[in-house]
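Me: I'd like to learn how to read a fold from its coordinates, one feature at a time. Could you walk me through this one?

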Amino acid sequence: MFVKVCGLSTPESVRAAAEAGADAVGFVLTRSPREVTPDQVRGLLTHVPPGLPAVGVFRHEPAADAVAAAREAGLAWVQLHGDRSPADVRTVHDAGMKLIRAVTMGAAPEAFDNWGEELLLIDAAVPGSGEAWDYGSVRAKALGGRTWLLAGGLDPANVARAAAEAGAWGVDVSSGVECARGVKDLAKIRDFVRAAKSAE
């Protein structure tokens, strides 16, 4: 099970995710309680082990702006939320970067097609609520063979069951490992990674 821990903003949380065995870490470079600046990310990257993917997360910014900010931060991966197109995928790839494209369960059917992104992230129909949802409904999207991440409302207590219900290749967490909005709980990070890996 591939595990990404997102919304990291302190050296301690970055180290906790890496030491717990996370397969990727994420930094939010858009308006959010978890927002960090490119300069802050460059500092946080000194705590990311070599070879561990580090992802810059963006919401509605144009793909070219996201690429520029990710480059300034020293990142090689971009995660794009919002209404996107295949042209956005090309923009990221033309910059020599890799892409996680996020969609919600309420998106149009064509949004679930393979546009060439490295990973597809599937979130709740109302993302950001932090509430669990019908994870098994993802199976109706017929994503067999795709590399995709399940997100939305996941925490250490439900991640193994949710991943099994959805048939997920991987999972992504942010609010589910926090003790307050935007503040990571290091023990929850460790518990989440351990529980997700047990779902294999």
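Reply: Gladly! Keep in mind that this is a predicted model.

Me: Is D172 buried or exposed, and how do I tell?

Reply: The general idea is to compare relative accessibility with a cut-off, and buried means under 20%. D172 has 7% relative accessibility, so D172 counts as buried.

Me: Which side chain makes a polar contact with D172?

Reply: That partner is K4, with the two side chains joined by a polar contact of 3.1 Å. Beyond its neighbours within four places in sequence, D172 also touches other residues, including V5, C6, Q79, L121 and L149.

Me: In what order do the strands close into a barrel?

Reply: Here you follow the pairing from strand to strand. Eight strands form the barrel in the order 1-2-3-4-5-6-7-8, with parallel pairing. From one strand to the next, the twist averages 25°. For the pair of strand 1 (residues 2-5) and strand 8, there are four bridges in the parallel sense, and V3 stands opposite V171 of strand 8.

Me: Which helices lie across strand 8?

Reply: Helix 5 (residues 159-166) lies across strand 7 and strand 8, at about 135° to strand 7. Helix 6 (residues 186-197) lies across strand 1 and strand 8, and runs at about 160° to strand 1.

Me: Why are the buried residues of helix 4 said to be on the same side?

Reply: Look at the directions in which they point from the helix axis. In helix 4 (residues 86-94), the buried residues are D88, V89 and V92. They cover an arc of only 105° around the axis, so they lie on the same side of helix 4. What they pack against is helix 3 (63-73), strand 4 (77-80) and strand 5 (98-104). Just after helix 4, G96 has a positive phi of about 80°.

Me: And where is T147?

Reply: T147 is in the loop between strand 6 (119-123) and strand 7 (148-150). Its relative accessibility is 32%, so T147 counts as partly exposed; the range for that label runs between the 20% and 50% cut-offs.

Me: What does the side chain of T147 reach?

Reply: The T147 side chain reaches the backbone oxygen of E118 at 3.0 Å. Leaving aside neighbours within four places in sequence, T147 is in contact with E118, L119, L120 and W169.

Technical notes
Residues numbered from 1 in each chain as written. Predicted model: local features only at pLDDT ≥ 70, side-chain atom pairs only at ≥ 80, totals over all residues. Heavy atoms only, no water. Buried < 20%, exposed > 50% of the residue type's maximum accessible area, 1.4 Å probe, protein only. Polar contact = N/O pair within 3.5 Å; in protein donor to acceptor, adjacent residues only side chain to side chain. Contact = heavy atoms within 4.5 Å. Helix = DSSP H or I, 4+ residues; strand = E, 2+ residues; numbered from the N terminus. Arc of directions from axis to C-beta. Pairing = 2+ DSSP bridges. Axes fitted to C-alpha atoms, helices over the stretch in contact; angles between N-to-C directions.
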